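Here is a friendly briefing to read alongside the model.

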Amino acid sequence: MSNLSRRKLITTGLAATAGASGLAVATGLARRYGLIPPDRGGIYGAGETLTYAAQRILTRHSLDREFSRSQISKPPFANGEPPKDEAFKRLQEGAFADWRLGVDGLVARPASFSLAELKSYPSRSQITHLACEEGWSFIAEWTGVPLSHVLDVVGILPQARYVVYFSIQSDWWDSVDMADALHPQTLVTYAMNGGDLPVAHGGPLRLRVPRQLGYKNVKYITRLTVTDDLTRFGKGLGSASPEGGYAWYAGI
């Protein structure tokens, strides 16, 4: 990727505007540099590829905008309903002391972390904007352990390409590539606006990916799986995930 110059990218982008042949050129260049997204098939596949490749080349290390405390939304909008099953209710009644975050897959040291363990690790707080594809949004302060630190603890293997994260809610999962997983603003979030992360906002644990739209910020996470292939997680990308037809890469 480092060898791909801006000139090549711009040239490819201009070629893409010429039509299908240009998209083919762009797709070939993206494939050469390992920038093909999992949802590369279908009629929108070439466009998804061009978007993902361009974002990764031009904004791979960029930070999402951070706001001042005076700009925090009051109150922040809480979308959806908390889990209603008995297992979640029991954990909630015990102040989530028994909640665990398992990490497996392409890691050297699979592990299971309690909330207390996660809170003992280096933390980061950031005031960022969460935008939903449905049109609502809010600004809040999020605090948690960087996902990159959790991955350092378990030791990701060289062939790792994605991190899949699962909610306690049945069939609710999503995934990000290693660029987003290792980004300093991607957090395993356990606090919001100075207090514990409210259940309505995904407490006790929510993956916060500020550079992605709301549906990539899955609530109530209980497991992370590091992998080099997403096809085994469902029949077709996102069939069991919250994406429901949305693009896999939702960069903003």
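W99 counts as buried because its relative accessibility is 1%, where buried means under 20% relative accessible area, exposed over 50% and partly exposed in between, using a 1.4 Å probe on protein chains only. This is a predicted model, in which local features need pLDDT of at least 70 and side-chain atom pairs count only at pLDDT 80 or more, while totals for chains, interfaces and linings use all residues. Residues are numbered from 1 along each chain as its sequence is written, and side-chain values use heavy atoms, with hydrogens and water left out.

**Aromatic pairs**

- F96 and W99 make an edge-to-face aromatic pair, with 5.6 Å centre to centre and 85 degrees between the planes.
- Rings of Phe, Tyr and Trp (its six-membered ring) pair if their centres lie within 6.5 Å; planes under 30 degrees apart are stacked, over 60 edge-to-face, and the rest tilted.
- F96 is itself buried, because its relative accessibility is 10%.
- F96 also forms a tilted pair with F88, at 5.6 Å centre to centre and 55 degrees between the planes, and F88 is buried too.
- By this rule the count comes to 15 aromatic pairs.
- One aromatic cluster is made up of Y52, Y162, W248 and Y249.

**The sheet and its helix**

- Five strands form an open sheet with mixed pairing, in the order β2-β1-β10-β5-β6; strands (E, at least two residues) and helices (H or I, at least four) are DSSP runs numbered from the N terminus, and two strands pair if DSSP finds at least two bridges between them.
- β2 and β6 (173-177) are the edge strands, each pairing on one side only.
- From one strand to the next, the twist averages 20 degrees; axes are lines fitted to C-alpha atoms, for helices over the stretch in contact, and angles run from 0 to 180 degrees between N-to-C directions.
- α6 packs on this sheet and touches β1, β2, β5 and β10, its direction making about 135 degrees with that of β2.
- β1 and β2 (residues 111-114) run antiparallel and are joined by four bridges; they form a hairpin with five residues between them, and L101 stands opposite F113 in β2.
- β1 and β10 run parallel, again with four bridges, and R223 in β10 is the bridge partner of G102.

**Nonpolar cores**

- The largest nonpolar core holds 33 residues, and L118, L147, V150, V163, V188, L205 and L224 have the most contacts inside it.
- A nonpolar core is a set of buried Ala, Val, Leu, Ile, Met, Phe, Trp, Tyr and Cys residues joined through side-chain atoms within 4.5 Å.
- α6 gives the most to this core, with four residues.
- Not counting residues up to four places away in sequence, V150 touches V103, F113, L118, V145, V188 and L224, where contact means heavy atoms within 4.5 Å.
- A second, separate core has nine residues, including Y52, Y162, V164 and Y249.

**Two residues to look up**

- T143 lies in strand β4 (residues 137-146) and counts as buried because its relative accessibility is 14%.
- The side chains of T143 and S125 make a polar contact at 2.6 Å (N or O atoms within 3.5 Å; within protein, one must be able to donate a hydrogen and the other to accept it, and residues adjacent in sequence count only if both atoms are side-chain atoms).
- Q159 sits in the loop between α6 and β5 and is partly exposed, with a relative accessible area of 39%.
- Q159 and L106 are 53 residues apart in sequence and 7.6 Å apart in space, C-alpha to C-alpha.
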